There are 2 protein chains.
Amino acid sequence: MTNSDTSDGSHLMSIAAVERDCGLPKDTLRVWERRYGFPNPLRDRHDERMYPADQVATLRLIRRLVEAGHRPGKVVGRSDEDLSELLRQVGVPAVQVIGAEARQVLELLGACDAAGLRDVLHATVLRDGLGAFAAEIGPGLAEAVGAAWSRGELEIHQEHLFTEQFTTVLRSAINAAQGAGLPRRRPRVLFSTFPQEPHSLGLLMAEAMFTLEGCLGISLGVQTPIPEIAAAARAHKADILAISFSSMIPALQALAGLNELRALVPETVEIWAGGACPGLRPKPGVSVLRALSAIGPAVTAWRAREDEGSTPE
Amino acid sequence: MTNSDTSDGSHLMSIAAVERDCGLPKDTLRVWERRYGFPNPLRDRHDERMYPADQVATLRLIRRLVEAGHRPGKVVGRSDEDLSELLRQVGVPAVQVIGAEARQVLELLGACDAAGLRDVLHATVLRDGLGAFAAEIGPGLAEAVGAAWSRGELEIHQEHLFTEQFTTVLRSAINAAQGAGLPRRRPRVLFSTFPQEPHSLGLLMAEAMFTLEGCLGISLGVQTPIPEIAAAARAHKADILAISFSSMIPALQALAGLNELRALVPETVEIWAGGACPGLRPKPGVSVLRALSAIGPAVTAWRAREDEGSTPE
DNA sequence: TGGCATATTTGTCCAGGACAAACATCTGGA
DNA sequence: TCCAGATGTTTGTCCTGGACAAATATGCCA
């Protein structure tokens, strides 16, 4: 039950605190220490690891690199300078194709200008429409922000700020679209993410696209246990389960989860998976929508199938 | 790297999958098995625990009871009937004082009527105003839903649905209030929760209250690492850091986190903590606002202090 | 070049022991 | 009667060091 997040004075952190702050499991932290000699935490009087703040900062750098594809054995133990240098090389190609929109957003984020950011996003929605914003611009912005973060150009709190403002703007646009007369009809779509996936942006953009198609959308928010998603599908009589995956989630976990879900709901309920997760592949009973712009046609096709299936009798 | 979420055919789950689905740490699952003989998972060919679905379901019941205050030693190992019986007794006293509003909400949740739920919440905001909704009705509803869940009357997905609809309604009301003319001025308030705290409802209600007072509010969303909150405070020139704690969070963790944060930001930045966390106590440099209705007077007092401090020169 | 077999790296799991924080219970004083 | 403090029990988290399979890299042949 010892769970002192951090020490009082000297900024030491327990292994549990480091796990949360860096996203590295305790087992991994211990095995890195055993194999590579880093991290090299102090011990408190009861021989428990206490990580100094600078080692935690280094661990965050390492995590970024590992996520970007570097192998732990090659980067754990190297100096902060080396790591920063490697970080600078990551994601650089993306800067070239970055849009004017994204540049402006990154600038505002750099200046921590929350109100300005919200205004720009809002103006973009008004100018280009919710469809283009959710399907094209939004994902582009999210990717640009993610890349900037992994390059070390943004702090975590600035990424949080972006997420928050983006969510606010998009949600209010979705509300407006829902209120705007358009008759709602099937398919009835249930949105959520798996327990390992806390990112809500992809889900929200998908919700926008389905809303524009006049679907009956119901969101469960993020991180719903898989059996609960299945239970909700029954309770809401859902036609489609829309599950969102960010690029952070291991593809294997995603596929295993989709298998589990597929086994728990009847065949008549479709499962549509989407998001930036690279290894996502369609399988029997599970469609994969590579881009958000594919949602419109897919819904049209679903409705055609539905009509076809019901009229012949 | 073995991370098979669930087995293929026979609905067996690995310890990692159970940890995610039930929210019980691996270490706890193992030590319960050692001490109480339950859970009692099968082993795969490499001697790794594989939990049958029914044991996982029982673990979910147990988790509810433990969260409601029962001691593991008294409930782990008992029959499903016993557990369900205990669950029925939990939170019963609260039913007496439940309001008409809450009853209606619980009914709609039971029926999984998302649209009806949103309409009722929206109507309540319009009738009683954002202030009363955020400060009085909202917390009451959240408590009623939490109690109903711990009594086993609601599924997790229904609680998710409530959170989602509540968030949508409250956020759109906040947006409306921000748009409504009222001049924004200091204090500049930064909202977030600590990394262990994923609940956003309390934060959102607090944001509503500060917004009504005409403050300049900026939300970082939930689960911001503590050093990042401090960095954001500098970047945004915040006057007040508003940190929200649900009743789920251990008081000691909360206090330790507040200590750490206090040490990282200058004395001129105030820290205001609030939420349902029982053990929360004020300390030097950290105020505790027991109820959301206390926010209004507290802001007034802050402004008085500010004027007093700046005019004498 | 591309496909396949082999080697290395790496994350997760296991057992069983230890201990401090959290919680329950008992005790004495206002 | 009730509250504060001392004492005992329960419980979650941490430890070590070993093991192995999935993931990744490397070598080889067509």
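Here is a short chat about a few spots in this predicted model.

Residues count from 1 along each chain as its sequence is written, and chains are lettered from A in the order in which they are written. Local features need pLDDT of at least 70, side-chain atom pairs count only at pLDDT 80 or more, totals for chains, interfaces and linings use all residues, and side-chain values use heavy atoms, leaving out hydrogens and water.

Colleague: Which residues are buried in helix 2 of chain B?
Modeller: Helices here are DSSP runs of H or I with at least four residues, strands are E runs of at least two, and both are numbered from the N terminus. Buried means under 20% relative accessible area, exposed over 50%, partly exposed in between, using a 1.4 Å probe and protein chains only. Helix 2 of chain B spans residues 26–36, and its buried ones are B:Leu29, B:Val31, B:Trp32 and B:Glu33.

Colleague: How is helix 9 of chain A oriented to helix 11 of chain B?
Modeller: Their axes, lines fitted to C-alpha atoms over the stretch in contact (heavy atoms within 4.5 Å), come within 8 Å and cross at roughly 75 degrees. Angles run from 0 to 180 degrees between N-to-C directions; under 35 counts as roughly parallel, over 145 as roughly antiparallel, 65 to 115 as roughly perpendicular and the rest as oblique. So helix 9 of chain A is, to helix 11 of chain B, roughly perpendicular.

Colleague: Where does A:Ala53 sit, and what does it count as at 43% relative accessibility?
Modeller: A:Ala53 belongs to helix 3 of chain A, residues 53–67. Because its relative accessibility is 43%, A:Ala53 counts as partly exposed.
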